[in-house]
Amino acid sequence: GATLSGLADAVVAIVLQNGASAVAARLPTIATGPPQAMASTGSTVGVLGSGGGYWLTLLVSESTPANSASNTITVTLKPSVPVSQADTAVITVSGLTGSQTASNTALPLGGQQGAAFAVGGTSSRGAWTQDTGT
């Protein structure tokens, strides 16, 4: 399986459909599950850390804020410790509420490192839950 390391930024993109009406901007949270637990809100990163996991790079951007538009959400991250598919580590982006994109257990992922993520053994996929924006 693929591994994200602190050697280079990992870029992953998902396409969501914006809500039909105007909403306030969201500040997503990005976290990993076992074996390396790291969490951050917005674009906060860690510095001067040792002995634990934190984000060296963390950026979330969108292609358009237009109502009902197809919106590419791009997540750029670099963990301070390796995060491996083989370890069944889970990276969760949450707080993206207000999308019209229906829940999908295998939402296609793009970007330079999209293939580093998998659902049920299928690469370039992530699970999406519309109600929670996760």
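Colleague: Where is the place of S124?

Modeller: S124 sits in the loop between β11 (122-123) and β12 (125-128). Strands here are DSSP runs of E with at least two residues, helices are runs of H or I with at least four residues, and both are numbered from the N terminus. Please note that this is a predicted model, in which local features need pLDDT of at least 70, side-chain atom pairs count only at pLDDT 80 or more, and totals for chains, interfaces and linings use all residues. Residues are numbered from 1 along each chain as its sequence is written, and side-chain values use heavy atoms, with hydrogens and water left out.

Colleague: Why is S68 called partly exposed?

Modeller: Buried means under 20% relative accessible area, exposed means over 50%, and partly exposed is in between (1.4 Å probe, protein chains only). S68 has a relative accessible area of 36%, so it is partly exposed.

Colleague: How many helices and strands does the chain have?

Modeller: The secondary structure comes to zero helices and 12 strands. Buried residues make up 32% of the 134 residues in the chain.

Colleague: What makes the pair of K78 and D9 a salt bridge?

Modeller: The term requires a side-chain nitrogen of Lys or Arg within 4 Å of a carboxyl oxygen of Asp or Glu. In K78 and D9 the closest N and O atoms are 3.9 Å apart, and therefore the pair meets the limit of the definition. The pair links distant parts of the chain: K78 is in strand β6 (residues 70-79), D9 is in the loop between β1 (3-4) and β2 (10-17), and the two are 69 residues apart. A search of the whole structure finds one salt bridge. In general, side chains of opposite charge can pair when their charged atoms come close.

Colleague: Which residues make up the largest nonpolar core?

Modeller: A nonpolar core is a set of buried Ala, Val, Leu, Ile, Met, Phe, Trp, Tyr and Cys residues joined through side-chain atoms within 4.5 Å. The largest such core has 10 residues in all: V12, I14, L16, I73, L96, L107, L109, A116, F117 and W128. β2 gives the most to this core, with three residues. Apart from it lies another core, of six residues, among them A10, W55, L58 and V75.

Colleague: With which residues is L16 in contact, leaving aside its neighbours within four places in sequence?

Modeller: Contact means heavy atoms within 4.5 Å. On that basis, L16 is in contact with A69, S70, N71, I73, L96, S99, T101, L107 and W128, its neighbours within four places in sequence being left aside.

Colleague: Why is N71 called buried?

Modeller: N71 has a relative accessible area of 2%, and it is therefore buried. N71 lies in strand β6. Leaving aside neighbours within four places in sequence, N71 is in contact with I14, V15, L16, N18, E62, S63 and T64.

Colleague: Which residues lie nearest the centre of the second largest pocket?

Modeller: N18, A25, R26, E62 and N71 lie nearest its centre, among the 26 residues that line it. A pocket, on a 1 Å grid over the protein atoms alone, is an open set of points where a 1.4 Å probe fits, with protein on both sides within 12 Å along at least five of seven lines; lining residues have an atom within 4 Å of a point. β5 gives the most to the lining, with four residues.

Colleague: Where is Q130 placed, and why is Q130 called partly exposed?

Modeller: Q130 is in the segment after β12. Its relative accessible area is 26%, so Q130 is partly exposed. The C-alpha atoms of Q130 and S103 are separated by 4.9 Å, although the two are 27 residues apart along the chain.
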